[in-house]
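I opened this entry to keep track of what I looked up. The notes follow the order in which I checked things.

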Amino acid sequence: CKAYVKSFEKYYHGNGMPLYASKALSCKELCRIAKEEGLGLDVVSGGEIYTAVQAGFPMEKVHFHGNNKTADEIRFALESNVGKFVVDNLYELELLNEICGEVGKKANISFRIKPGVDAHTHNFIRTGQIDSKFGFALETGEAFEAVKTELHCHIGSQIFDIDPFVTAAEIMLDFMGKIHDELGIVISELNLGGGFGIMYTKDDEPVPYENYMEKVSEAVKAKAKEHGLPVPYIFIEPGRSIVGEAGITLYKVGGKKEIPNVRTYVSVDGGMTDNIRYALYQSAYTVVNAGKADKEPDEIVTVAGKCCESGDLVQEHTKVAKFEAGRLRFRSVRSSPAGRARAATPKWGASPLRRAVPLCPRPWRTRTWCSSPPVWAAAPAPAQPPSWPTSPKNWASSPWAWSPSPSGSRECAA
């Protein structure tokens with residue numbers, strides 16, 4: 001977080017703000033961290049807005065994205081005083097205008113523009129090309145017909161090249177110049193999105209963020225000067241680059257199935273319900289046998305989840321130290337929510353241990369368990385994670401004492 005904030009101070013003299021893309025991992029603890037570090041927040045759903053409100057995040061620093069915001073989400077966002085709506089299409093613009101009239105409020109908006117840049121990443125996470133479900137297209141003229149305020153673009157995710165970011169910035173400044181020349185309107189803010197790549201495997205080579213910020217800021221300043229425009233206030237939206245490399249997922253190995261001359265399956269107590277990325281587009285991860293982390297990999301396995309789907313795989317043909325049933329293993333993650341039983345997301349280190357996301361052993365039994373993530377009271381940071389309680393039946397005997405909170409959720413203290 002600090003690296004992003006410092007980059008704005010260095011390259012834009014503070015004329016901008018990073019927004020944490022909470023879709024990477026949305027919980028109250030991360031909202032608190034973003035607030036403490038001086039970041040804004042990029043949200044994509046009513047649930048993420050609710051989380052921000054519950055965390056006490058300054059809502060004027062929240063930008064609401066999404067290609068299909070519902071009327072209920074828009075009303076909730078207006079009631080919550082969300083700082084900015086990133087409008088994705090004309091239907092949304094008309095709906096937002098209608099609801100603003102009903103509730104007697106004005107919305108601060110920006111328009112999401114597709115700059116037509118190939119981000120050189122997987123098709124499922126490219127978002128800046130004309131054939132995308134997101135945003136207004138430059139090529140068809142619809143963007144020019146719609147925009148008279150702040151602009152936003154996003155070209156994709158897990159990008160390791162700087163050039164696509166620079167090209168997108170230049171295209172957006174050229175578009176701002178056209179709006180100024182033909183409509184006489186000066187757009188004062190520009191959101192350049194996120195998508196900065198991180199290291200999932202040893203083959204990934206992320207570009208230092210400092211390099212990206214330097215090159216893009218040079219392009220923004222040069223183009224602004226070319227078009228006789230003031231340098232706009234810049235927003236960016238880092239997400240996975242903040243949380244992705246900071247966490248791991250810890251699984252327990254269950255069954256092991258060796259199919260001669262075919263493959264060896266190792267089944268774990270998770271899968272596509274907590275991370276669907278491999279099932280969707282075969283994202284590569286580093287898999288480690290946590291019980292033999294100091295041993296050389298000596299076995300090729302396919303790590304399988306427990307869903308009734310043949311495609312529920314975590315990683316295929318990956319080399320690890322030999323597994324034994326019941327032993328633990330872990331991998332780096334970019335997590336997603338699910339209805340299957342899952343463990344807590346703890347935060348530990350030099351600061352007091354706090355639980356970032358609540359333990360939800362059986363979240364389908366009640367809607368209140370997850371509504372207000374509990375926080376651990378100050379406690380010394382352990383050398384290794386504590387033993388989490390695994391079901392409501394043994395909560396009482398766990399080292400953490402649980403009690404109902406006013407909201408109906410469960411709070412805990414050491």
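Which residues does L192 touch, not counting residues up to four places away in sequence? I found C153, A169, Y212, V216, V220, I234 and F235, where contact means heavy atoms within 4.5 Å.

Before going on, I noted that this is a predicted model, in which local features need pLDDT of at least 70, side-chain atom pairs count only at pLDDT 80 or more, and totals for chains, interfaces and linings use all residues. Residues are numbered from 1 along each chain as its sequence is written, and side-chain values use heavy atoms, with hydrogens and water left out.

Next I looked up the nonpolar cores, meaning sets of buried Ala, Val, Leu, Ile, Met, Phe, Trp, Tyr and Cys residues joined through side-chain atoms within 4.5 Å. Buried means under 20% relative accessible area, exposed over 50%, and partly exposed in between (1.4 Å probe, protein chains only). The largest core has 69 residues, and Y20, I113, L151, L192, Y212 and V216 touch the most other members. Helix α7 (residues 163-183) contributes the most to this core, 9 residues; helices are DSSP runs (H or I, at least four residues), numbered from the N terminus. A separate core of 10 residues includes V266, V268, V287 and V320.

Then I checked the cysteines for disulfides, pairs of sulfur atoms within 2.5 Å. The count is 0. The sulfur of C27 is too far for a bond, because the closest cysteine sulfur, in C31, is 6.9 Å away. C307 is in no disulfide either, with the sulfur of C308, the nearest, 7.4 Å away. I noted C27 as buried at 3% relative accessible area and C307 as buried at 15%.

Terms used. Helix = DSSP H or I, 4+ residues; strand = E, 2+ residues; numbered from the N terminus.
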